[in-house]
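Reader: Please go through this structure with me and say what stands behind each term you use.

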Amino acid sequence: MQGGRITAVLGPTNTGKTHYAIERMLAHRTGVIGLPLRLLAREVYDRIVAQRGPSVVALVTGEERIVPERTQYWVCTVEAMPTGIGADFLAIDEIQLCGDPERGHVFTDRLLHARGLHETLFLGSETMRGAIAALVPKVQFTRRERFSELTCSGSKKISRMKPRSAIVGFSVENTYAIAELIRRQKGGCAVVMGALSPRTRNAQVEMYQNGDVDYLVATDAIGMGLNLDIDHVAFSATSKFDGRRMRPLFPHELAQIAGRAGRHTTDGTFGVTGEARPLQPEVIEAVENHRFAPLQRLQWRNGRLEFGTVDRLIQSLDARPEGEWLTKGREADDARALKVLADDPAIRDRITSPKDVQLLWDVCRIPDFRSISEAEHATLLARIFEFLQSGKGVPSDWLARQIERIDRTGGDIDTLSRRLAFIRTWTYVAQRKGWVDDESHWREATRAVEDRLSDALHGALTQRFVDRRTSVLMRRLKQKETLVAEVNDKGEVTVEGEFAGRLEGFRFKQDETGSPDEAKMLARAAYEALAPEFSLRADRFYNAPDTEMDFTEQGGLMWGDTAVGKLVKGPDLLKPTVQAFVDDEAGADVAEKVTRRLQHFIDRKVAALFEPLLAMSRDEELTGLARGFAFRMVESLGIIPREQVAAEVKDLDQDARGSLRKHGVRFGQYTIFMPALLKPAPTRLRLVLASLWSGADEFPESPPPGLVTIPNIDAFDAETYRLSGYRPSGARAIRIDMLERLADLLRTQDSRGGFEANPDMLSITGMTLDQFADLMGGMGYKAEKGERAKVKAADLEKAEEQAGAEALKTEQADEAKAEAGGGEQPAETHPEAEAAAEAGGDMVAAGDVASDEVEVFYTFTWAPRPRGNRPPRREQGQGGKPGGERGERKGGGKPHGKRDGHKGKKGGKPQGARNFEARPPKKDKPVDPDNPFAVLAALKDKK
């Protein structure tokens, strides 16, 4: 039939060709559109019914026939479309299937002979341009460009496949295997195959489109116009069985399937997965640019069949085409079935007229839905032919028995699929006019069985390849208003009443009690529900006071009891940066807010705890050597062993030292330090900052607060003790500020002649006498142990009380004289009181010795010798004992005990660190027994 305008609308996938054809058909009074698949025909039928109503739209496929009385628009498969109804409009979709070995002859016949009265459209690939131009006179061409870009993303593992992806297989076994893998790794998928009934297919597609699952596993059926929201297409294989042999897919076939990715203006990607080999560069370029070799031959079969005899029918089917563009197609299933039945003598005997030949051909065109074997299929066709040739049609009781055996919804996927294939045969038979007695009844009966089996198959597919609980969660995840997820005050997260995990700070800790599939879906649902919680929690955290935050000794950052970040090495020792512990799902805004708040916290913490050090580093009045020494203090975080900077200390004049002392720097005998930085909080932070800066894997912990000494452990080096504010000496390490106080006391002692430890020394260190002796050994002193008779404690206490009372009276008398003289007067020196104070609790009244008890005592002398943890050698110009802020030497011999700026006596016993006057020589004189000071002094002299 010729007439009207003929247009070939060519272009790649996602160009809107089918949509354009529907618009053009509805612009005419009547129209017919032929589609390549029953599934696609149903989809287009539903779209047109939605616009024009069911009363004017017909659906005709091999197994389905809906034809209203006032039909205006026919939606059909290409094989089932009526061509002689005189419609104003006619369209054939996917016209490039003219080259398909199996079905190409049908499309070629429609290309050559099917026409609309006013308009004809051929829709398909650009590869058909040459053939159409040669075979269709007066044709016009329209090229449509793809709405979106299609690019190759290479190979991806299924475990890393992004959501909204379709994985394509080319066999049922391969498809099921992939679907099973996705269920285990991704929670589930929808399955779409050409063999599925429209009802099953639609249910699976709806599950994907609604978001119940994010993955689709399909055969190449999705390449034929099925419009789904797919972002990525992955080929699990690049070869398929074409009915005779395994062969590689042609580039245009790959493009037809890959083109399902990226609908309308959304870009799409394609690639391979599993064991599929990577695509060749030239194939990728062809698919991305939609450039393929044009079709050179179209499959053809003679459409002018002769029904005089069976042999003449077979002869007409075997006819050869004329012209260079057409080639004899592969022998189809119906032709093979005809030849098998023609060789059956029983069938031959029944054929007596051309009408019988026509009937036999119609029976042979029943598709082999069951795909058992050619012999089984031929036997079924022979039986149906016998029923029909008898003139009574297929007996109702026989047909009922066939359907009854199929109408069972139990069994696995394979069993249900096989029953669906069987019922499709009887659905096809019921659709043929005159083949059954009550056509309407059997059409409804077979349709009902197909629907039940379809629903059962959908349920079986879903049960096997989708976790039902996961499916419910995913569906509600798309409907945020119905998603019930809660976070209680303990941070426990529940989704739809199920425990999903715990929110710890800004990280969601997944519940590990469920299966992997369930856990992944729960996590996804939980993260969707946690989106507002993350934002609210970030706001609370940002506005929280610093008192709610802290750092750990390993560099962690805490908000209450929850870890929210950690410290990392920054550009400067005192400028660490932070790394927030925030899940990616919380979003960049939340992560940025948490990071900014943590940085504010640690910056303020460093500024507060190291304020003296930072103030000194910013003091522009410090110049020269003082400024250089200040930088050394900053680099050492406020603590420097004196031996490391001995030369620099020596070079500092009194003005420079004074300017440093204003910032709290103390020049001790053993350590230069800032006492304010020895407190527990600065010490903790100092250890963390130093460990960060050095790149340590494990940070040392700070000593417990309040301890004067701690064990000297070999596992920790001297640097760790320095940062902790301690100096190793013997078996223990002593806090550096207490070491300096001890040094002050030691300077008042006769270190050459020997001295004993007094209670003040033991009190400062908090040690026993034996522990103190070991400590002194580490400092360079020799300890000689001795024993003597022990003095009664009661008499010692009485003597101390009397000495204290007398000292109080003397102090009050001095204050009265100072007030009477109108100003402060130098305090009068009382040798007896001074001697009593020196003796303190060590001395007791004479004559009260317990003859049966002895006590241990040590005599210490300065005798530096190489020993473990001995102090390093002193700088040039200093004597045997260490010198410090209160004991800088000006010559040889022992150090003078003096404050900076006050000279002491040369030689003899050093002066006290507290500016005591030099003590007068001890002389033998009568002892007043009523004077406690005199008694104590005498005892000391005697000792």
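This is a predicted model: local features need pLDDT of at least 70, side-chain atom pairs count only at pLDDT 80 or more; totals for chains, interfaces and linings use all residues.

Author: Residues are numbered from 1 along each chain as its sequence is written, and side-chain values use heavy atoms, with hydrogens and water left out.

Reader: What makes up the secondary structure of the protein?
Author: The protein has 31 helices and 34 strands. Helices (H or I, at least four residues) and strands (E, at least two) are DSSP runs, numbered from the N terminus.

Reader: How many of the residues are called buried?
Author: Buried means under 20% relative accessible area, exposed over 50%, and partly exposed in between, with a 1.4 Å probe and protein chains only. Of the 943 residues in the protein, 50% are buried.

Reader: Why are β4 and β8 called edge strands?
Author: Two strands pair if DSSP finds at least two bridges between them. The open sheet has eight strands in the order β4-β3-β5-β2-β6-β7-β1-β8, with mixed pairing. Strands β4 (65–66) and β8 (140–143) each pair on one side only, so they are its edges.

Reader: How do you know that β6 and β7 pair?
Author: Four bridges join β6 (residues 89–92) to β7 (residues 119–124); the definition asks for at least two, so the strands count as paired. They run parallel, and I92 stands opposite F122 in β7.

Reader: Which helices pack on this sheet, and at what angles?
Author: Helix α1 (residues 17–26) lies across β1 (5–10), β2 (31–35), β5 (73–77), β6 and β7, at about 170 degrees to β7. Helix α2 (residues 38–52) touches β2, β3 (57–60), β4 and β5, and its direction makes about 165 degrees with that of β5. Axes are lines fitted to C-alpha atoms, for helices over the stretch in contact, and angles run from 0 to 180 degrees between N-to-C directions.

Reader: What makes α6 and α16 a helix pair in contact?
Author: Contact means heavy atoms within 4.5 Å. Residues of α6, including P198, A203 and M207, meet residues of α16, among them L457, H458 and L461. The axes of α6 (residues 198–209) and α16 (residues 439–465) come within 8 Å and cross at roughly 35 degrees.

Reader: Which residues of α28 are buried?
Author: In α28 (residues 769–778), the buried residues are F772, A773, L775, M776, G777 and G778. G780 follows α28, with a positive phi near 105 degrees.
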